[in-house]
Each structure stands twice: as C-alpha cells, then as structure tokens.
Number of protein chains: 2
Amino acid sequence: MTNSPLPITPADIDAAASVIAPYAVRTPLLSSPSLDALTGARVFLKPEVLQRTGSFKFRGAFNKLSSIPQATRGGGVVAFSSGNHAQGVAAAAQILGMQATIVMPADSPLSKRERTKGYGAEVVLYDRYTEDREAIAAAIAGPRGATLVKPYDDPFVMAGQGTVGREIAEDMAILGIVPDIVAAPASGGGLIAGIAVAVKARFADTSIIVAEPAGFDDHARSLRAGRREAHDNDSKTLCDALMALMPGELTFAVNQRLLSEAVSATDAEVGRAMAFAFRDLKLVVEPGGAVALASLLSGKFDARGKTVVIVLSGGNVDADMYAKMITATY
Amino acid sequence: MTNSPLPITPADIDAAASVIAPYAVRTPLLSSPSLDALTGARVFLKPEVLQRTGSFKFRGAFNKLSSIPQATRGGGVVAFSSGNHAQGVAAAAQILGMQATIVMPADSPLSKRERTKGYGAEVVLYDRYTEDREAIAAAIAGPRGATLVKPYDDPFVMAGQGTVGREIAEDMAILGIVPDIVAAPASGGGLIAGIAVAVKARFADTSIIVAEPAGFDDHARSLRAGRREAHDNDSKTLCDALMALMPGELTFAVNQRLLSEAVSATDAEVGRAMAFAFRDLKLVVEPGGAVALASLLSGKFDARGKTVVIVLSGGNVDADMYAKMITATY
C-alpha cells in the first residue's frame, strides 16, 4: 500500500463521460421486486447488456480510440480479446473511421466473432492454450504503425469503464440513496477499478466487491497476497469473458487500494443466475456478465438488509449455449 | 364517431400513476444503436418485460384492486386470463392482502400458471376452445361475493395500463423529443387505449399504431368497419397473450377515436423479432410482447426517418419455447 497517486482520477472519468456521451447508451439502474424478495436486499441492477455492442467494453474502447492523435489514426488499431473488447474496439473504430484488427481465441463464441466482423473489423484467430496473443497482436501492429488497444491495463480504457460507476453514483445520488455495496465482475480488473474510483469519489464508504469465476480467482489471491498473482493455469470456466491470467498492473494499483472483498461463483451458480435473469429479470446475460449476480444469489457476500448495486457486464452469448443454460436443471 | 366523453381521461391515468407508484417498476425508455441502424428510425423501447410480474398487466390490476372498497375486499377477486393478467391480479392481490382465484386456459404456458400460483392465487383451468371462461369466472365469483377483475374492459384497468403511455410521454418531454409514432400490441385493447389517451394528452399529433398477431386482426377489422368485429374463430397464433376474440366495448370507444393505424405480424415475423431482441437488445420478450417490434422490423408501417416508441409488453415465455425460438432458422 502506498499513497502515490492512482493511475486514474475521477476527473479522468468525467472527461471520458463527455467523450463517450454521443455514442454510448446511458444504461438505466433497474430494480426487481422478485430479486429484492429473494435476497432480502434492496438491489439495483446496472445492465451493461443494454450497452452498444452488448457489453461495457464499448465505453473504454471508444474513450481510448478517441485519445489517439489524428496523425496516428491512419495506422488503425489492433486489439486482442475473447470477444467483448473485440466488439467494443471494432464498433468504436467504425464510428471513428479507423481500421481495426482483432486477435481472438479460436474457441471464443461464434456470435462474438461474427459480431466483431459485423463492425467491419478484421479478425485473426489464435489458440488460447498454445499461442501468445500479445506477441501476435504486436507483430501485426508494428509494421502498420497501428496502435495497440489493451483490454484493461490502460488509463483511457479504465477511465472509460469508470463511466459505469459514475452513472451508478449519479443515479443513486438522484434517488437519495447511499449504496452499501457495488459488485461487478473482473478479469483484468479494468471495469471494477474504474467503478471503484468513480463510486468512491461520491460515496467513500461504499464497499466495492469484485466477483470472479471459481478457479479464476486471481484478484482474490492478489488482494490477499498484496501483490499480483495468477490463478491456476489449468482452470476452465463457462465465463469466456473473464479468463485473464492475472490482474493488470495499473488496474491492480487501483484495486489494491479501493476494493473491499473478492468473491467467486462456480459454473453451476453462474448458470442458475443466467436462468434467473431469463425468468425473472427478462435480461439476457452471458456467463461472465452474470458472476456478480451469481455471487449475490448464492450468498457469497452479506447482502441482507443492504442496498446493493450489481453490474451485469455483458450479454453476448451464443443462442445454442443460452438455450442449454436456461433449460438445464441445476 | 361521436364527441361523447371517453371512458377514461388523462386525469384518471394521473391518479392511477400515484396509486401504483409504490409497487410498480417505472420502466425506462431504452435505445439501441443497432435497431436504429437497421430501421433508419430513431427508436425508443418501452420494456414492460421489466415490470413487476414480467408484463404491463400489473399496472391495471393493481389500480383496479386498489379501487375496491375495503368492505368488499374480504370476498376476494376472480379473473380470467391466459397468463399475464393472471399474474398481475395475483401479485396485486397478494400485496393488498386479498384472495385471488384465476381462471386460466389449460393450454396456457406452464410458467405463467406456475408463476400465478407463486403469487398465492388459486388457479382453475378450462378448455379455451369449448368452455366459456366468463361464465366459469362468474359462477365462482357469485357465491363468494368476489369482485370480477376484467382483463381490459374496465376503466380502472385501462387507466392503470395508461400509465405506460404517461411514462413514455413524460420521458419524451424530458428528452425534448416529439414522438412521431407509438406502437403497442393489443388483444382486448386496454393497453393501447390507455397509451393513446396518455400520449395524445401531451402530444396530440403522435400517431398511435396498434399491432396484432396475423389472423387475430379484430382491431384492424373493427377500425375499418367502424364497429367492433371479431377475428376468424379458427385462427391460431404463437401469441398466447393476444387471443381475445374482439375489442372491448370501452376500449374500442377510445381506440376508434384515437388510433391511427392497425398492423399485424405473422408467427415467423414474431419469432424473428424475439430472436433479434435476444441477440441485439438482450431483452427476453414473449411472442405477444414482440408483435409491435415484429411489425417495425418487417416494415409493416412507415418508420424511416421517424421517432418511434415500441412497447415490449411482456416477457413471460417458457424456457423450452424460448430456446426453440432463438435457435430457429427463419
């Protein structure tokens, strides 16, 4: 723990909010009487499934691409991503008239690959378990003079994702409610870091809880150890969006200071949460987007009697897989 | 056409808004960049799938039950419904501490029957094609002194549903936008009538379009004929929520004066709209709830260049059926 300045400030997030405002969806805060009854908490949902491209990733991508100087934009952008950052970068590049190349795992959901192409990006596939996506992306970017757009460890990306927290804080202030807890999923930790900075700026006592897939608990390990640690390399999860090996350097500098707690949810708990969201919330949530909800529903943190904001971070899931998840018996 | 007063006024809808406010979800207006791109219109969605009980029906039911004098409440309420009105009445009765008995078709979706029971109501099944639900409901209500809660042809029910239109008008006024078109599904016509009164009170020139399932075009026929007409008795549709035989007497008195146009969508068009809502909007919409969206997507009315509000009226669909709809090839 140090008192050095954090990599992003609330002012960076305010600036990002202005940059993305003309293109990003300002997602509402939703409430659900059945969810309140089930949990004994007062729950607000922040449905980033309703965001442009179906996840929060558009926010950070658009803010980052907008920061690239005009003289450099001709080289285009390169990104690596399992799918949501891919779509965010592709859609932002399309709006800004830039060329985008996305390096995606060959086993990423078909719909994510197709939608990325649909935003006009070139998609290059790689093997998630044997190849190094950062090296592939760098090799493509170099000769072209393209800008590499990292999925989380970048101040502009983090500030963009922080607009999720800024909107939560704004809406809670309008309602006159102080949230006890804000919980969101994490992979590299950019979303939760941005949310923490924005929410803590207005509500210093609100607990920020990070939710991870079971086996991909690198934030839990790292917070415990006080330094960045990886999760087990042989883990598997339904949550294709949340498979980063360890927290980012910049994101962890924030998260180490501002997060209160780390929780995790198993594939079965995530499946139940997706089915609950289908049946009772009428929202389509992908596995990775449902981890915070799954943690709430399976009692991984103490919510009873509290005001809790749950971020549903994405909804990009193949129809076949979704059909299985909502019809399964858990 | 006459100039006699309509069965409900904007003031009735204002009163209903106050009555339901503590319990109903104030649903947001959503926008979708992909939907705008696809249609060439500026589209706002009113997602009543997010309403308590998963459809707009809670609004009218709660307003109606709240109007029953204390002295009469002990007799409870009886309603007939294919499922959404059933849940609305059951949930409203549970909140108000009243007993509810619901007469439902034996072929209504299992989830709707189960959810109705889940709100504490007694469910009585009947055969949609051979038995008279109104007679069954009346026979149950009589001896108990129960109040019959009609699904649409009641001023309190209509005023409650009209709060959907009131919220649309309020939110559009805040945005400083005059809607060219508001389109919503109809069965008995209570929702569209309430919306028409509320929206026209603020935006007199907005066109109100009613959307029906193909073959269940009793509003189209009735508007054309200038009097209430039934649809063909042997029609079938996926839209279990929209099977009323003809417009209501009170609802048609409103709709005849205030509606601009009637459109319809086939089962395939409804299926495509549900799949679009899954894939691009991340909202779970039931067949009957998707008819206005289906009409927009299949070009049944002229939307290009216009500002259009589409009501997604309900999202209560069995998982098995939903799985089929989103994985089908249309």
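In what order do the 4 strands of the open sheet in chain A run? The order is E5-E4-E3-E6, and the pairing is parallel. Keep in mind that this is a predicted model.

Let's stay with the chain A sheet. E5, residues 122-126, and E6, residues 147-148, stand at its edges. Each has a single partner strand, so one side of each is left without a neighbour in the sheet. Next, the pairing of E4 with E5. E4(A) covers residues 100-105, and it pairs with E5(A) in the parallel sense over 5 bridges.

H5 of chain A, residues 84-96, lies across E3 (77-80) and E4 of chain A. H5(A) runs at about 170° to E4(A). H6 of chain A, residues 110-118, packs on the sheet too, touching E4 and E5 of chain A. The direction of H6(A) makes about 175° with that of E4(A).

Still in chain A, a helix pair. Two packed helices are described by the angle between their axes and the distance between the axes. Here the pair is H1, residues 10-20, and H3, residues 57-67, both of chain A. The angle is about 90°, and the axes are 9 Å apart. That makes H1(A) roughly perpendicular to H3(A). Which residues of H1(A) and H3(A) make the contact? From H1(A), we have Ala16(A), Val19(A) and Ile20(A). From H3(A), we have Arg59(A), Phe62(A), Asn63(A) and Ser66(A). By class, that contact has 4 nonpolar residues, 2 polar and 1 charged.

Over to chain B. Its open sheet has 4 strands in the order E5-E4-E3-E6, with parallel pairing. At the edges stand E5 (122-126) and E6 (147-148) of chain B. Each has a single partner strand, so one side of each lacks a neighbour in the sheet. Further in, E3(B), residues 77-80, pairs with E4(B), residues 100-105, in the parallel sense over 4 bridges. Ala79(B) is the one to click on: it stands opposite Ile102(B) in E4(B). Across E3 and E4 of chain B lies H5(B), running at about 170° to E4(B).

H5(B) has a helix partner as well. H5, residues 84-96, packs with H6, residues 110-118, both in chain B. The angle is about 10°, with the axes 8 Å apart. That makes H5(B) roughly parallel to H6(B), since angles under 35 degrees count as such. H5(B) brings Asn84(B), Ala86(B), Gln87(B), Ala90(B) and Gln94(B) to the contact. H6(B) brings Lys112(B), Arg115(B), Thr116(B) and Gly118(B). The classes in this contact are 2 nonpolar, 5 polar and 2 charged.

How many cavities of 30 Å³ or more does a search of the whole structure find? The search finds 1. About 40 Å³ of space lies in the largest cavity. Its lining draws on both chains. From chain A come Phe278(A), Arg279(A) and Lys282(A). From chain B come Ser111(B), Arg115(B), Gly315(B), Asn316(B) and Val317(B). Two helices, H12 (267-281) of chain A and H6 of chain B, each supply at least two residues of that lining. By class, the lining has 2 nonpolar, 3 polar and 3 charged residues.

Definitions and conventions. Residues numbered from 1 in each chain as written. Chains lettered and ligands numbered in written order. Predicted model: local features only at pLDDT ≥ 70, side-chain atom pairs only at ≥ 80, totals over all residues. Heavy atoms only, no water. Axes fitted to C-alpha atoms, helices over the stretch in contact; angles between N-to-C directions. Parallel < 35°, antiparallel > 145°, perpendicular 65-115°, else oblique. Contact = heavy atoms within 4.5 Å. Nonpolar A, V, L, I, M, F, W, Y, C, P; charged D, E, K, R; others polar. 1 Å grid on protein atoms, 1.4 Å probe; cavity = no way out; pocket = protein on both sides within 12 Å on 5 of 7 lines; lining within 4 Å. Points joined across faces, edges and corners; volume = space filled by probe spheres on them. Pairing = 2+ DSSP bridges.
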